[in-house]
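Take a look at the model first, then read on.

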Amino acid sequence: MGNESSTSLMERFGLVSDVQKDEIDVYDAENYRAFGVSRKPWGGEPMLNFVDCRGDQLAIAYNHLYCVKYNPSVGITIEFSDHIVSIRGRGLAEGYQKLAMQRVIFITEADRATAGLVGDRQAVITSLSISQKREKSLSQLAIDAV
């Protein structure tokens with residue numbers, strides 16, 4: 001058996017790309033990154049963590065995800081079973097694509113100062129809002145059914 005270089009099964013089958021080396025999957029408050037992307041080549045992440053500009057965090061399970069919409073002039077809208085998330089900023093297209101593949105681990109809103117420092121070619125989230133869908137009472141459901 002000689003000195004074979006140790007490579008993973010994933011690398012041997014060509015399932016690991018160079019792009020993944022640049023991806024980050026750990027939230028770091030000191031170094032702004034709009035989207036944190038899983039290094040896993042496939043499979044979804046269990047939860048998506050939202051971090052606002054104050055550092056407050058909320059994680060929502062991917063299995064509650066219903067749809068993701070992207071409009072370059074408006075931003076990204078993510079609909080979960082109980083929440084709607086609105087994301088505004090620039091350079092969001094790649095983040096949307098990774099989000100649709102359930103590879104995004106966190107989404108971070110930049111404060112005004114940080115947003116000004118982020119380069120024009122980098123994604124920056126200038127507004128992140130999470131609203132809970134209004135729960136309907138049984139009587140309201142009965143009225144809607146009529």
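Buried means under 20% relative accessible area, exposed over 50%, and partly exposed in between (1.4 Å probe, protein chains only). This is a predicted model, in which local features need pLDDT of at least 70 and side-chain atom pairs count only at pLDDT 80 or more, while totals for chains, interfaces and linings use all residues. Residues are numbered from 1 along each chain as its sequence is written, and side-chain values use heavy atoms, leaving out hydrogens and water.

**The sheet**
- Helices (H or I, at least four residues) and strands (E, at least two) are DSSP runs, numbered from the N terminus.
- An open sheet of four strands has the order β4-β5-β6-β8, with antiparallel pairing (two strands pair if DSSP finds at least two bridges between them).
- β4 (65–71) and β8 (124–132) are at the edges with a single partner strand each, so one side of each has no neighbour in the sheet.
- Strand β6 (residues 83–90) and β8 run antiparallel and are joined by eight bridges.
- Ile84 stands opposite Ser131 in β8.

**Cysteines**
- Zero disulfides are present in the structure (a disulfide is a pair of cysteine sulfur atoms within 2.5 Å).
- Cys53 is partly exposed, at a relative accessible area of 37%.
- Cys67 is partly exposed too, at 25% relative accessible area.

**Asp52**
- You will find Asp52 in the loop between β2 (47–51) and β3 (57–61).
- Asp52 is buried, with a relative accessible area of 14%.
- Leaving aside residues up to four places away in sequence, Asp52 touches Glu109 and Leu128 (contact means heavy atoms within 4.5 Å).
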